[in-house]
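I opened my notebook to keep track of what I looked up, one topic at a time. Here is the structure I was working from.

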Amino acid sequence: MHIAVCLCQVPDTASVIDFFEGALDLSRVNGVMNPFDEYALEEAVRIKERFEGSQVTLFCIAPSSAKEMLRKALAMGGDRALLFSTTEPADTFQTAGMLSRAITDYYGEVLPDLVFCGKHSTDFQSAQVPLMLAELLGMESVSAIIKLEASRAGIHVEREIEGGIESLELHYPALFSVEKGLNVPRKTTIKAVMEARKKPIDLLPVTLSESSCVTITSIKPFVREKKCRVVQDPKELVLLLTHAEALF
Amino acid sequence: MNTFLVFLEQREGVVKKSSIDTWNRAQELAALHPGAAVSALLVGPASTRQLDGCPGGNGVIYHANEEAFRLYNPEHYTRLVVETMKRVAATTLFFADTALSRDLAPRLSVRLKASLLTGCAVDDAWGENGGGCCQRPVYSGAAIASFAPCRPLKIYTCTPRASRISSPITSGARASVVVLEPSSSTSEELFPLVRRMAMHEGVRDVAEARIIVAGGRGMGRAGFGLLEALARLLGGAVGASRPVVDEGWRPHAEQIGQTGKTVAPALYLACAISGAPQHLAAIGSAGIVVAINCDPHAPIFDVADYALVGDVHLLLPKLIEEFREFLKKR
């Protein structure tokens, strides 16, 4: 089976998002693999291990510094990484467009059997790229899956909805965006890290041809305005809360 | 001239409150922008009696009440929305921000070549700077970004407002319901196909609850019994921080935070949650925040309206008792 995994880099959770003279300053931010992409990659590798002769190819649009992150992804079980260091896409639609071209360029006429993406990137949380990509590639797709059963004939997945679960059925080729809970990503072993050094990371060009659909007009520091009132005991708290309009 | 189309989502024949809230907000926006008209599309069999007098304002609610739309089918839904957008010549499509709209909206944005803005607070600033702008937190809540659409067609998935309770607009006007002719394409079996939808019995979803009682690791596994009791008493839902879910004490569906849900309840009670940035980002639009924690320097207090410093295991039983007393007297 041919499996593609789309990876992106996000600031690591310990990074401080700074502002310098009013502008966003990401110079001190450490980039890591988007946490949801780890679940996507893990699922791809698990399927590869079940279906003999499968290949997991990683697609990443990022600055060349993302190589380090891709090494980790290769150590987790990817076979080959393709890094597209190009003009930074301005919005999700441009990202999806570039990814779709990168995937069709690599696989040619025949689409990969499976494409996995994280549910969303933790920095912008738009959750748009995966299904835009599916739509551009013309693949069946489901977002935010928490369970996957793949057979040669087709795929069963589950996704969480408000207060319940939906079970879906679909065919190959298919694209999934992955929610936390689908699996527990493996820890990389020293052996896997050594092996990953021999796996190829190709730096490839990709053109930016779509015009953007959305522009970011400003990014400002978020200022919390709340003043906290310390209450003495539960009695006082209930008194204050029950005075609030229409809470109960 | 702006024409708004509001997608009304039903699950098990009941129109979602968040959808009705979105309809009301579209009506408010239309009132601010002369010449704007609002229509709605209700997809799937649902009792429109529920809508009687509830969504006020002007406009037509188109109801696709075919059985084929009872369960969500991405392709059938996509085709229906595209058709309806054309029918009413809509320029703007509003969804409530739900699991369904997060799945459907990106597909539609490609089909319609529309600008898509997800998870946005559509407020009164919507009409400024040429129109259609909205804001939402990014980078785990450290920053707030303004997004502007560039295409003539726009799609929004709107986050709930904690400050306002979804109430009918009493302008005297009443929306009318038009039942759509059955479409010829719905007999086709289109994939992905939702085979089943299983709802959790008696559990209120944390993303939709007006009151959330959330716990952190300090609660201990058994301590969540107290939170469940309090949530039941107040008609709310239980939420959990990431460590709690990682420990396996609570399901991921209850997780609030960067890798969980973003919530906007009217009341958020954080018990033994210290307040990691990822957690705080997800409760940024909550109404009243109450924090109970033994550490007076816990970051959760920076975002709380009311603080109760002390041991949750001692304070919670008292709090439950006080609430019970209050509810009895009322």
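My entries follow, starting with how to read the model.

**Ground rules**

This is a predicted model, in which I take local features at pLDDT of at least 70 and side-chain atom pairs at pLDDT 80 or more, while totals for chains, interfaces and linings use all residues. Residues are numbered from 1 along each chain as its sequence is written, chains are lettered from A and ligands numbered from 1 in the order in which they are written, and side-chain values use heavy atoms, with hydrogens and water left out.

**Chain A as a whole**

I began with the secondary structure, and chain A comes to six helices and 15 strands. Helices (H or I, at least four residues) and strands (E, at least two) are DSSP runs, numbered from the N terminus. Taken along the principal axes, the C-alpha atoms of chain A fill a box of roughly 65 × 45 × 40 Å.

How much of chain A is buried? I found that buried residues make up 55% of its 248 residues. Buried means under 20% relative accessible area, exposed over 50%, and partly exposed in between (1.4 Å probe, protein chains only).

Then I looked up contacts, meaning heavy atoms within 4.5 Å. Of the contacts in chain A with a separation of 6 or more, 69% are between residues 24 or more positions apart.

Is A:M1 buried or exposed? A:M1 counts as buried, at 14% relative accessibility. A:M1 lies in the segment before β1 (2-7) of chain A. I left aside its neighbours within four places in sequence and listed the contacts of A:M1, among them A:I47, A:F51, A:D113, A:R152 and A:Y172. I also noted that A:M1 and A:K48 are 47 residues apart in sequence but 7.2 Å apart in space, C-alpha to C-alpha.

**A helix in chain A**

Next I checked helix α2 (residues 67-75) of chain A, where A:M69, A:L70, A:A73, A:L74 and A:A75 are buried. After α2(A) comes A:G77, which has a positive phi, near 130 degrees.

**Aromatic pairs**

How many aromatic pairs are there over all chains? My search of the whole structure gave 19. Rings of Phe, Tyr and Trp (its six-membered ring) pair if their centres lie within 6.5 Å; planes under 30 degrees apart count as stacked, over 60 as edge-to-face and the rest as tilted.

I picked out B:F7 and B:F95, whose ring centres are 4.9 Å apart with planes at 40 degrees, so this pair is tilted. The pair links distant parts of the chain, since B:F7 sits in strand β1 (residues 3-11) of chain B and B:F95 in strand β5 (residues 92-96) of chain B, 88 residues apart. Both B:F7 and B:F95 are buried.

I also looked at B:Y72 and B:Y77, an edge-to-face pair with 5.1 Å centre to centre and 85 degrees between the planes. B:Y72 and B:Y77 are buried too. Together with B:F69, these residues belong to one aromatic cluster: B:F7, B:F69, B:Y72, B:Y77 and B:F95.

**Two helices in chain B**

Two packed helices are described by the angle between their axes and the distance between the axes. Helix α2 (residues 74-87) and helix α3 (residues 99-112) of chain B pack at about 55 degrees, with axes 10 Å apart. The axes are lines fitted to C-alpha atoms, for helices over the stretch in contact, and angles run from 0 to 180 degrees between N-to-C directions.

α2(B) and α3(B) are therefore oblique to each other. Under 35 degrees counts as roughly parallel, over 145 as roughly antiparallel, 65 to 115 as roughly perpendicular and the rest as oblique.

Which residues make the contact? On α2(B) they include B:Y77, B:V81 and B:M85, and on α3(B) they include B:L104, B:R107 and B:L108.

I found a cis peptide bond between A:Y172 and A:P173, with omega about -10 degrees. A:P173 is in the loop between β11 (164-170) and β12 (174-178) of chain A. Another cis peptide bond joins B:F191 and B:P192, with omega about 0 degrees.

B:Y139 is not a glycine, yet its phi is positive, about 50 degrees. B:Y139 is buried, with a relative accessible area of 9%.
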